[in-house]
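Here's a quick tour of the structure shown below. Have a look at it, then read on for the main points.

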Amino acid sequence: MIFGSFRKLLTGLYILMITVFSAAAVTAASEQRVYDDAGLFSDSESRELEERIQELKAEQGIDFVVVTTDNTYGSSTRDYADDFYDNGGFGTGSDNAGVLYLIDMDNRQIYLSTCGQEPIRYLNDDTIQWIVGGEALRHVSEGDYYRSALSAIEDTAYYYEENKNSYENGGGSISPSPKGADNGFDLSATELGISGGIGVAAAGGAVGVMKANRGGKVTVTGHDYMKKGAVRINDQRDMFINRTIVRHRIRRDDDGGGHGGGFSSTHHSSGGVTHGGGGHGF
Amino acid sequence: MVINFNCPQCGADLKYNIKKKLLHCEHCDYTEEVREKQDGIRESADEDGRFHCPSCGAVHDAKEYDMSGICAYCGAPLIISERMEGSYRPVKLIPFEYDKSQADEAFLKWCDKGKLTPKEFKKKSILNHLKPIYAPYWISDSVVNTKMRARAERVRSYIVGDEEVIETEHYSVYRDMDIEYENVDYDGALSLDDEEMHKLDPYSFEALKDFVAPYLAGFEARQYDMGAEEIAPLIQKRVRGYAEEHVRSSIVGYSSVMVMDSATDFLSMNMDFVLLPLWFFEYNYKGKTYNFMMNGQTGKVVGEPPVSNGKAFAWFIGIFVIVFVIALLIGGLLL
Ligand SMILES: [Zn+2]
Ligand SMILES: [Zn+2]
């Protein structure tokens with residue numbers, strides 16, 4: 001028990017630090033959602049993921065985060081994903097609703113973490129296994145990380161919408177509400193420890209960022225040196241080759257509760273936030 | 001040959017004045033346009049690695065000077081003309097825009113932004129260490145051809161009955177483009193770090209002037225150590241990256257793009273040796289030397305200031321207390 005708390009504390013501490021660093025690399029104004037800490041995407045791939053995430057956010061109101069890492073500092077894939085999400089300040093609404101897809105090269109796992117009432121409800125355990133066991137897994141095992149992330153995003157958006165409709169049409173029963181009743185303010189040693197750890201991490205991270213940002217950086221790009229109007233296109237072809245079609249049966253749950261009626265198991269992250277989620281090794 | 005220029009009115013030394021953009025006599029306020037000088041030249045010859053200051057006659061060791069400098073005894077400009085001959089003669093230069101008072105101001109402003117910078121470091125007295133230097137650069141104009149082959153996919157999915165259908169259209173994409181780049185600059189001094197120098201960019205090359213020696217009157221100027229042949233591959237590498245990034249960005253409208261191969265050839269490339277202005281600053285703090293550079297045209301500062309442990313600690317404690325309290329409050333509500 002004590003060991004477990006300590007481990008959670010350490011995890012929270014490390015991940016908060018990483019989030020602070022990652023987030024500080026981008027100015028607060030821009031809404032970064034792709035954190036490619038393991039360097040698996042090219043710049044343009046990261047950009048395309050960001051764009052797709054923004055589109056889906058506008059269309060469906062789902063807040064996606066894509067994270068890659070090659071070092072979780074000893075924590076489990078699940079803890080890393082949950083803590084990254086909590087510390088990054090992502091999500092919409094009062095319950096910070098959103099979904100995070102993590103490619104964890106350290107533990108060789110992919111993981112989908114859900115947070116907030118609606119994502120946890122609409123992305124139940126079965127659905128999550130379906131997503132992380134499908135295209136996302138196929139691409140990641142082929143080393144195509146970009147398409148793995150893209151598939152995870154697309155599939156999540158798709159099933160989210162499906163299950164939401166199912167619920168709204170009365171097909172789904174309300175899944176069990178997150179455990180852990182609110183029993184008021186209660187200061188325990190564990191809590192003091194965790195809060196202290198988070199404080200140390202945040203302060204250390206912030207001062208670290210101040211230190212790292214002292215030197216100045218390269219601000220010019222290729223465009224600054226391009227002569228105005230001096231691009232000549234000699235040839236430009238986009239040739240259609242073929243079309244492939246993949247079909248799969250949409251799974252219906254046997255409990256008669258409809259697609260959205262599946263069970264969503266939940267747990268608490270080190271910061272005390274309720275998450276759902278699931279993963280798959282590769 | 002070591003030369004400098006004397007004032008036709010009073011005989012004092014003429015120096016290039018940044019504000020006025022003219023050759024100027026500090027003694028009687030005489031000014032004249034900057035041009036190749038035919039008259040009013042004082043000169044003294046190099047004798048076995050030593051030379052006399054043309055103004056005061058003091059003896060200097062030639063090894064301590066590069067292309068130009070200042071007499072430590074009388075402050076007169078010293079321009080060493082044989083060190084800028086043939087391929088060592090700069091083709092052009094960008095004159096300083098920031099004079100000493102503007103550089104001071106820009107530097108202090110930059111120091112103020114450093115939240116961890118020690119108080120001593122921000123004192124005005126340290127500004128005596130700022131000195132203007134013309135740094136050797138190679139600038140290059142080039143025309144490149146980039147050919148890129150990629151595979152792209154457009155994915156859409158829809159529902160038919162109780163089946164999900166994912167349709168993927170596969171494309172073969174080809175691009176062949178010529179792109180012109182101009183004034184790609186790369187520093188030619190071994191003593192200056194390439195990455196640090198790149199951080200000083202951009203310079204605005206509209207301000208380039210044909211080089212004549214009087215621009216150097218009163219400034220230290222450095223000759224290049226890395227010649228055109230050595231720098232050309234480094235510039236090509238940078239330009240190749242720019243070109244391929246540009247061509248890649250022209251492939252749009254797909255769910256995913258994978259570049260199969262790309263090749264960039266230089267159809268033409270020329271290189272000129274130029275001098276670019278920077279303010280250089282060296283400072284010793286607690287036994288460590290810190291170097292800073294400021295773009296002499298734009299005022300952009302590069303370099304890592306020292307860290308005050310006291311300030312870092314104060315920030316740490318401040319942030320810790322705030323986050324700790326917030327975390328306790330949140331934790332208390334949630335757990
Ligand atoms: Zn005079
Ligand atoms: Zn002298």
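## Briefing

With a relative accessibility of 41%, Y73(A) falls in the partly exposed class (buried is under 20% relative accessible area, exposed over 50%, partly exposed in between, using a 1.4 Å probe and protein chains only). What you're looking at is a predicted model, where local features need pLDDT of at least 70, side-chain atom pairs count only at pLDDT 80 or more, and totals for chains, interfaces and linings use all residues. Residues are numbered from 1 along each chain as its sequence is written, chains are lettered from A and ligands numbered from 1 in the order in which they are written, and side-chain values use heavy atoms, with hydrogens and water left out.

**Chain B at a glance**

- Chain B has four helices and 17 strands; these are DSSP runs, numbered from the N terminus, with helices being H or I of at least four residues and strands E of at least two.
- Chain B has 335 residues, and 51% of them count as buried.
- Take the contacts in chain B between residues at least 6 apart in sequence: 69% of them join residues at least 24 apart. Contact here means heavy atoms within 4.5 Å.

**Where the chains meet**

- On the chain B side, 66 residues are in contact with 65 residues of chain A.
- About 6,200 Å² is buried between the two chains, and carbon and sulfur atoms give 57% of that. Buried area is the accessible area (1.4 Å probe) that two parts lose on being put together, summed over both.
- Between chain B and chain A there are 28 residue pairs in polar contact, both residues being at pLDDT 80 or more. A polar contact is a pair of N or O atoms within 3.5 Å; within protein, one must be able to donate a hydrogen and the other to accept it, and residues adjacent in sequence count only if both atoms are side-chain atoms.
- Six elements of chain B each bring at least two residues to the side that touches chain A: β11 (131–160), β12 (163–187), α2 (194–200), α3 (228–248), β15 (256–285) and α4 (309–334).
- The most comes from β12(B), with 23 residues.
- That side of chain B splits into 34 nonpolar, twelve polar and 20 charged residues. Ala, Val, Leu, Ile, Met, Phe, Trp, Tyr, Cys and Pro count as nonpolar, Asp, Glu, Lys and Arg as charged, and the others, Gly among them, as polar.
- β12(B) also pairs with strand β5 (residues 226–249) of chain A, in the antiparallel sense and over 18 bridges. Two strands pair if DSSP finds at least two bridges between them.
- Within that pairing, M226(A) has Y181(B) of β12(B) as its bridge partner.

**Salt bridges**

- Over all chains the count is 32 salt bridges, and eight of them cross the interface of chain B and chain A. The rule asks for a side-chain nitrogen of Lys or Arg within 4 Å of a carboxyl oxygen of Asp or Glu.
- E167(B) reaches across to R243(A), with N to O at 3.1 Å.
- E167(B) also forms a salt bridge with R156(B), at 3.4 Å from N to O. This pair links distant parts of the chain, eleven residues apart, with R156(B) in strand β11 and E167(B) in strand β12.
- E167(B) is buried at 7% relative accessibility, while R156(B) is partly exposed at 49%.
- R243(A), R154(B), R156(B), E167(B) and E169(B) are linked in a network of salt bridges.
- In chain A, D63(A) and R33(A) meet at 2.7 Å, N to O. D63(A) sits in the loop between α2 (43–60) and β2, and R33(A) in the loop between α1 (2–24) and β1 (34–36), so the pair ties together parts that are 30 residues apart in sequence.
- D63(A) is buried at 0% relative accessible area, and R33(A) is buried at 7%.

- Two bridges join β3 (residues 22–25) to β4(B), where L23(B) stands opposite E32(B).

- D29(B), in the loop between β3 and β4 of chain B, has a positive phi of about 70 degrees although it is not a glycine.
- Y73(A) has a positive phi too, near 55 degrees, and is found in the loop between β2 (64–69) and α3 (77–88) of chain A.
- D201(B) and P202(B) are joined by a cis peptide bond, with omega about 5 degrees.
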